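Visitor: Hello! Could you walk me through this structure, one question at a time?

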Amino acid sequence: MTGFFTLFRKEVLRFWKVLMQTVAAPILTTLLYLLIFSHVLEAHVEVYPGVAYTAFLVPGLVMMAMLQNAFANSSSSLIQSKISGNIVFFLLAPLSYLEFFLAYLLAAIVRGLIVGLGVALSGLLFADLGLAHPLWIVFFALAASAVFACVGIIAGIWAEKFDQLAGVQNFVIVPLTFLSGVFYSIHSLPAFWQAVSHYNPVFYMIDGFRYGFHGVADVDPWRSAAVVLACAFILSGLTLQMLRSGYKLRH
Amino acid sequence: MPAAIRLQGLTKRFGRLEALRGVNLEIAEGEFFALLGPNGAGKTTLISILAGLVRATAGEASVMGHDVVRDYREARRRLGVVPQELVFDPFFTVRETLEFQSGYFGLKHNDDWIDALLHHLNLTDKADTNMRRLSGGMKRRVLVAQALVHKPPVIVLDEPTAGVDVELRQTLWQFIRELNRQGHTILLTTHYLEEAEELCERVAMLKAGRIVALDRTANLLRADAQRRVELRLKPARLPDALKPHLVGEQAGAFLLSLHDFGELEGLLAKVREAGVTIEGFCVREPDLEQVFLRIMQGEGQA
């Protein structure tokens with residue numbers, strides 16, 4: 001376990017040493033979304049009866065920030081280690097692929113949660129957030145961060161150059177998160193796009209997470225939980241399989 | 001007693017390139033062993049397979065009797081590798097780097113040994129400096145320290161002195177020699193053949209993925225048929241009778257090659273007969289570089 005714990009600690013320290021870039025910056029960016037969208041839409045949109053638009057928006061933004069940062073942590077750490085070559089330090093060590101996986105997974109979740117917490121706390125300045133079902137909040141925060149931490153590990157191992165990783169970020173992660181109901185309820189969409197949204201796992205992450213705060217959601221939280229858990233299991237399995245086979249790491 | 005390192009039929013193909021073509025090698029515990037060969041001969045591939053960084057296409061490799069694939073955790077605990085590339089993690093200091101490396105090997109309280117390593121490698125006053133701020137030579141020493149945090153019985157150094165100044169090279173070899181005296185097995189690759197000749201008891205020469213020479217260093221030097229003498233003559237003109245022996249001319253001196261020193265007397269007699277005076281004379285001992293060049297150019301062609 002010492003091996004796992006050391007790698008985990010190293011991964012946390014890595015982003016902790018550059019907090020401005022890894023935590024403060026994403027919190028600020030998210031707050032800018034909050035300021036602008038709530039300013040423009042607060043008086044015009046009421047998604048759920050009795051829930052102000054800003055209060056509706058905050059959980060979505062918190063979830064989006066968690067996902068993007070969990071992804072960013074594992075993917076950028078891996079690609080940096082690969083490109084600079086220092087990945088050899090833990091490839092030479094007697095770490096099992098399970099230890100390797102858990103260390104990267106948990107460190108990414110930690111960063112996701114810290115950024116998410118920062119956004120949520122700052123969000124309280126702008127909106128009253130309910131705490132209808134706190135356990136759902138915790139569950140969706142952890143499970144969704146884990147999913148994107150896995151996607152980050154997969155992308156970090158697969159990518160050979162920074163621009164390939166930026167491609168995943170810009171063409172997969174950002175569209176998935178933006179088109180998931182962060183800023184709107186999918187019930188406001190035309191039928192076709194509503195149906196498409198149901199194939200986006202991020203939709204369930206945000207919908208279930210929001211249910212934890214406001215007690216209302218577009219779909220049953222149990223269904224959302226099932227989708228998110230299924231994603232977490234499938235992606236963990238895939239990541240473990242990649243690590244075990246040494247894909248792109250041990251030639 | 002299992003061999004420190006054992007390779008059996010080790011083969012590695014990268015696409016169409018055959019980097020290793022069935023290498024068999026056994027290195028006993030406590031040996032100081034050199035692996036020599038030109039660039040692209042397969043030295044780094046061989047070391048990478050041993051370290052688990054590259055997977056062999058066929059054949060087996062083991063460290064202290066532990067297979068590097070099936071029993072990788074035990075094999076890696078017994079192996080310390082100093083990689084050829086100057087790699088480092090710019091987020092951390094020297095001490096952090098060494099603490100993490102200890103942790104990866106499952107060691108929790110390793111401070112005494114880390115301090116000792118820093119001392120032996122002249123890094124004590126750099127312990128809390130960020131890796132980014134170190135010179136190339138210092139980074140190289142940190143890599144050596146990293147390879148040794150878990151006191152591995154088998155130490156592999158992949159060209160550890162490339163681009164390293166003379167003083168550091170001396171410090172490094174002193175330390176590695178001391179480790180060897182304490183019983184550590186050392187496998188070294190280097191381009192500096194005089195280093196291998198001075199340090200290593202046994203040498204393997206690798207060419208195009210095959211071992212083309214494997215013997216004690218002393219035997220390789222002895223087996224080298226070339227005996228050479230350098231003659232400085234007055235007048236500086238080589239008698240015709242000696243021309244078949246001539247292999248080179250340097251700054252007015254003639255370099256002659258003999259099969260054995262028994263020929264020497266006849267040679268000198270011919271000089272005298274030609275009425276030439278000997279002004280300077282010296283015997284050139286064979287060195288590993290000559291042996292290496294002869295083997296690489298000659299036999300074992302792929």
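This is a predicted model: local features need pLDDT of at least 70, side-chain atom pairs count only at pLDDT 80 or more; totals for chains, interfaces and linings use all residues.

Visitor: How many helices and strands does chain B have?

Guide: Chain B is 302 residues long, and 39% of them count as buried. Its C-alpha trace spans about 80 × 45 × 35 Å along the principal axes. The secondary structure comes to 10 helices and 14 strands.

Visitor: Which residues is B:V156 in contact with, leaving aside its neighbours within four places in sequence?

Guide: B:V156 belongs to the largest nonpolar core, which has 154 residues. It is among the members that touch the most others, along with A:A144, A:V147, A:V228, B:L50 and B:A145. Beyond those sequence neighbours, its contacts are B:I47, B:L50, B:L79, B:V81, B:V82 and B:L187.

Visitor: Which helix gives the largest share of that core?

Guide: The core has members from chain A as well as chain B, including A:V147 and B:L50. The largest share is 17 residues, and it comes from chain A's helix α3 (residues 53–84).

Visitor: On the side of chain B that touches chain A, how many residues are nonpolar?

Guide: There, 24 residues of chain B are in contact with 21 residues of chain A. In chain B, α2 (72–77) and α3 (94–104) each supply at least two residues of that side. By class, 5 are polar, 7 are charged and the nonpolar ones number 12.

How values were computed: Residues are numbered from 1 along each chain as its sequence is written. Chains are lettered from A and ligands numbered from 1 in the order in which they are written. Two residues are in contact if their C-beta atoms, placed from the backbone, lie within 7 Å. Helices (H or I, at least four residues) and strands (E, at least two) are DSSP runs, numbered from the N terminus. Ala, Val, Leu, Ile, Met, Phe, Trp, Tyr, Cys and Pro count as nonpolar, Asp, Glu, Lys and Arg as charged, and the others, Gly among them, as polar. A residue is buried if 20 or more other C-beta atoms lie within 10 Å of its own, exposed if 12 or fewer, and partly exposed in between; C-beta atoms are placed from the backbone. A nonpolar core is a set of buried Ala, Val, Leu, Ile, Met, Phe, Trp, Tyr and Cys residues joined through C-beta atoms within 7 Å.
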